[in-house]
Amino acid sequence: EAERILRQELDAAEKRRREEAEGNGGQRVAEDPLELANTMEKLGMLYRAWEKDTAAVPLLEEVLRIRRQHLGRDHLSVARTQEQLGVLFYNQGKANAALVLFDEALRITRMHQGPEHMDVADVLYNSGRAYISLGNRMDACRVLFEALMILLKHVGWEHPSVQKIVKVLRPRS
């Protein structure tokens, strides 16, 4: 049902664009690309939730392109999209590509939110997972420990996000 609604939103935006163009002597009328990007992002996240990463990736790549073009490379929405796309790449076994996106998302998120914001901890956690999948346990521990310290300033030891990091950091026997 949600997919149908989001597809309808995308189709309606395209229909409005065509109708406006026809009413304007056939000239292409500018649509709000950020509104389109927001709808595409929702659909991409829906696909991600359904574990349809291959369907989500092209949508989020286009969202990232639109947001970079219209908001600038250092906008917080760009960082959020980079992190989401990085998670999809990580899920597909593309940890190196994910790390590139996570590094840039981390830089932007720190710039806007400050170095100890919980969003920074989320990006660090995702980076840690990517490092582990590449066999780089030292960098993984470094970023995961940083994420843990940030989270502990905001929530207690029993918080699920803290426990998730502790589980990843726990030595394997």
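Below is a short chat about how some labels on this predicted model were reached.

Reader: What should I know about the model before I start?
Author: It's a predicted model, where local features need pLDDT of at least 70, side-chain atom pairs count only at pLDDT 80 or more, and totals for chains, interfaces and linings use all residues. Residues are numbered from 1 along each chain as its sequence is written, and side-chain values use heavy atoms, leaving out hydrogens and water.

Reader: How many helices and strands are there, and what makes a run count as one?
Author: There are eight helices and zero strands. Helices are DSSP runs of H or I with at least four residues, strands are E runs of at least two, and numbering starts at the N terminus. Read from that end, the elements go α-α-α-α-α-α-α-α. The C-alpha atoms fill a box of roughly 70 × 30 × 30 Å along the principal axes.

Reader: Why is Glu116 called partly exposed?
Author: Its relative accessible area is 39%. Buried means under 20%, exposed means over 50%, and partly exposed is in between (1.4 Å probe, protein chains only). Glu116 sits in the loop between helix H5 (95-113) and helix H6 (118-133).

Reader: What does Glu116 touch, and what makes that a contact?
Author: Leaving aside residues up to four places away in sequence, Glu116 touches Ile150, Lys153 and His154. Contact means heavy atoms within 4.5 Å.

Reader: Why is Asn91 called partly exposed?
Author: Asn91 has 39% relative accessibility, so it counts as partly exposed. Asn91 belongs to helix H4 (residues 76-91), and it touches Asp53 and Arg129, again not counting residues up to four places away in sequence.

Reader: What makes Arg137 part of a positive patch?
Author: Arg137 forms a positive surface patch with Lys167, Arg170 and Arg172. Patch members need over 30% relative accessible area and no salt bridge; like charges are joined within 9 Å, and nonpolar side chains (Val, Leu, Ile, Met, Phe, Trp, Tyr) within 5 Å. A salt bridge is a side-chain nitrogen of Lys or Arg within 4 Å of a carboxyl oxygen of Asp or Glu. Arg137 has 31% relative accessibility, so it counts as partly exposed. Arg137 is in helix H7 (residues 137-154).

Reader: What share of the protein is buried?
Author: Buried residues make up 40% of the 173 residues.

How values were computed
Areas by Shrake-Rupley, 256 points an atom, 1.4 Å probe, with all protein chains shown as cover. Lys, Arg positive; Asp, Glu negative; His and termini not counted. Charge placed at Lys NZ, Arg CZ, Asp CG, Glu CD.
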